Amino acid sequence: MTDTNKTQNHPLRVLHTSDWHLGRMLYGRQRYDEFEQFFNWLHSTIIEQKIDILLVAGDIFHTTTPSNQAQQLYYSFLCKVAASSCRHLVVTAGNHDSPTFLDAPRELLRTLNIHVIASLPEAIEDEVLLLRNRAGETEAIICAVPFLRDRDIRVAIPGQDMVDREEQLINGIGRHYLAVCEEAVRQQKKEEHKLAKKQKIPIIGMGHLLAAGGSTVQGDGVRENLYVGSLISVGADIFPDLIDYLALGHLHSPQKVSGLETRRYSGAPLTMGFAEAGRKKSINVVDFSQTGVEVELRNVPVFQNISCIEGDWPHIEGQLALLITDDVHCWLEIIYQGKEILPDLRQRLDEMVLDSKLEILRIRNQRITEQILSPQSEGETLADLGHAQVFERCLDGQDIIGEQRLELIAAYNEIVTSLEQE
Ligand SMILES: [Mn+2]
């Protein structure tokens with residue numbers, strides 16, 4: 001008897017995460033080990049924190065054709081969660097996901113209480129999920145809205161210019177949220193009526209989009225692979241007030257929407273690039289009780305150290321020496337900014353990190369870049385130069401002449417042609 005009372009007083013606990021980007025590499029390095037460690041950690045967190053509902057707000061995979069290894073990680077994680085005390089898992093698609101790929105196993109996953117909403121369903125009702133507790137009562141209503149594409153929303157009118165199209169898309173997204181929420185409220189009234197004890201059933205919104213005022217960090221992966229429509233921002237006012245908590249994905253740094261406690265981006269769990277080195281990554285644990293909603297951020301452990309060293313040679317040398325003494329496994333980006341031109345920078349760095357646990361994934365030699373890109377006539381800007389000219393200046397900068405120069409130009413042209421054909 002006491003046990004039942006306890007469960008009744010226990011608030012409904014939801015874990016909100018997004019932007020896993022399974023399969024994403026960092027400068028050519030695979031990160032499957034990190035993903036696996038993240039899933040192990042997430043699974044223990046779900047058990048320790050007694051999570052009832054897990055929400056994943058898009059960008060599950062980094063590409064529309066995920067590798068076998070990425071798929072294996074995803075499905076084995078889903079199995080583990082299904083076997084845990086977590087009652088429901090809701091997965092919505094992001095702009096990186098293939099809707100048809102995510103949707104394919106949805107019927108099978110439904111039998112495990114895993115709800116996948118990847119393509120926009122034909123009926124609004126199918127975006128409103130009623131999640132039930134073990135007694136069969138509705139304990140939460142989810143507005144599971146996937147990433148909305150232009151074709152999902154906008155009624156195309158020939159001859160429209162870009163501004164009109166964007167405005168139509170933004171208005172369309174707003175109308176869509178309103179319609180889904182109206183349906184959620186209808187269901188809420190019906191379901192609350194059925195409850196034995198008078199209680200409020202929370203409405204939780206999900207989405208994968210850019211809300212106005214959101215912040216991105218250069219190199220955090222949000223602005224990469226952008227295409228028309230993926231960076232359109234919507235006003236935070238499109239989300240109706242009756243949403244008790246809004247679980248968003250798309251931005252990779254954890255943040256509130258318009259400073260509101262219950263409107264949030266969870267951010268990506270893994271560091272997405274060197275610009276984010278040292279930034280905290282987190283997931284959101286959200287408690288729903290009759291007295292209100294409480295959000296707590298829990299930091300994701302760092303599974304791979306990433307660091308960026310920027311400065312002149314003495315600074316870089318000193319920082320590397322410190323890291324070597326610390327004996328930690330770390331991936332590095334080096335940005336050389338000294339006055340002196342160092343054409344042998346790579347060689348110097350390779351020699352320094354030899355036999356250490358440090359791995360240099362990226363070197364940026366600002367001095368050489370500046371030299372190549374510095375104007376050669378008054379008033380010249382980078383925009384005046386064609387990419388082939390930039391490449392030639394790069395060869396000039398490195399004093400590459402003769403046969404080798406011709407070979408490099410031919411190889412460069414070949415790469416450009418193949419890129420253009422793609
Ligand atoms: Mn993303």
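Visitor: How do the axes of helix α2 and helix α3 cross, and within what distance do they come?

Guide: This is a predicted model, in which local features need pLDDT of at least 70, side-chain atom pairs count only at pLDDT 80 or more, and totals for chains, interfaces and linings use all residues. Residues are numbered from 1 along each chain as its sequence is written. The axes of α2 (residues 32-48) and α3 (residues 68-82) come within 11 Å and cross at roughly 10°; axes here are lines fitted to C-alpha atoms, for helices over the stretch in contact, with angles from 0 to 180 degrees between N-to-C directions. Helices (H or I, at least four residues) and strands (E, at least two) are DSSP runs, numbered from the N terminus. The two helices are therefore roughly parallel to each other, a label for angles under 35 degrees.

Visitor: Which residues make that contact?

Guide: From α2 come Y32, F35, E36, F39, H43 and I46, and from α3 come Q69, L73, F77, K80 and V81, where contact means that C-beta atoms, placed from the backbone, lie within 7 Å.

Visitor: Moving on to strands, in what order do the six strands of the open sheet run?

Guide: The order is β5-β6-β7-β10-β12-β11, with mixed pairing, and two strands pair if DSSP finds at least two bridges between them. Because β5 (128-132) and β11 (255-257) stand at the edges with a single partner strand each, one side of each has no neighbour in the sheet. Neighbouring strands are turned by 30° against each other on average, direction ignored.

Visitor: And in which sense do β10 and β12 pair?

Guide: Strand β10 (residues 245-249) pairs with β12 (residues 260-265) in the parallel sense over three bridges, and the bridge partner of L246 in β12 is R263.

Visitor: Last one, what share of the whole chain is buried?

Guide: Buried residues make up 32% of the 422 residues, in a chain that has 12 helices and 17 strands.

How values were computed. Parallel < 35°, antiparallel > 145°, perpendicular 65-115°, else oblique. Contact = placed C-beta atoms within 7 Å. Buried ≥ 20, exposed ≤ 12 C-beta atoms within 10 Å, placed from the backbone.
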